[in-house]
Amino acid sequence: MTDWVTVGRVDSFKEGTRVSVDIDGTVIVVFNLDGKYYAIEDICTHDGGHLTGGEIEGDQIICPRHGARFCIRTGAALTSPAYEPTATFPVRIENGEVQTRDDRWD
Ligand code: FES
């Protein structure tokens, strides 16, 4: 099982913000949406664009390259030109820290 990695502290991870973390070459973006945390891979399934810098609208992030929208909560591709979901990851709060891990290889 892969280790949990700390992304930031709860008290400094404000609503509406995001933090990226590199876990063994996989970049995971963790979002605080209305006080709940969600984590998706920083990869657009259309053509590999980085979602980190994308605009957020509600619970959607928009790929900066060609405009595909993904659901931050589920990773689902919501609009073309992306049709496959991006990966999602677990998030937990431990001792006041927000943590995630890449559980795909467990
Ligand atoms: S790489 Fe994201 S929409 Fe094309």
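Two residues count as in contact if their C-beta atoms, placed from the backbone, lie within 7 Å. With that in hand, I62 touches G54, E55, E57, G67 and R69, leaving out residues up to four places away in sequence. This is a predicted model, in which local features need pLDDT of at least 70, side-chain atom pairs count only at pLDDT 80 or more, and totals for chains, interfaces and linings use all residues. Residues are numbered from 1 along each chain as its sequence is written.

**Around I62**
- I62 belongs to strand 6 (residues 60–62); strands (E, at least two residues) and helices (H or I, at least four) are DSSP runs, numbered from the N terminus.
- I62 is partly exposed, with 18 other C-beta atoms within 10 Å; buried means 20 or more, exposed 12 or fewer, and partly exposed in between.

**Overall fold**
- The chain has 10 strands and zero helices.
- Its C-alpha trace spans about 40 × 30 × 20 Å along the principal axes.
- Buried residues are 30% of the 106 in the chain.

**Nonpolar core**
- A nonpolar core is a set of buried Ala, Val, Leu, Ile, Met, Phe, Trp, Tyr and Cys residues joined through C-beta atoms within 7 Å.
- The largest one has 22 residues, of which V29, V30, A39, I40, L51 and F70 touch the most other members.
- Strand 3 (26–33) and strand 4 (36–41) each contribute at least two residues to this core.
- Beyond its neighbours within four places in sequence, L51 contacts V29, I40, D42, I43, C44, I61, C63 and F70.
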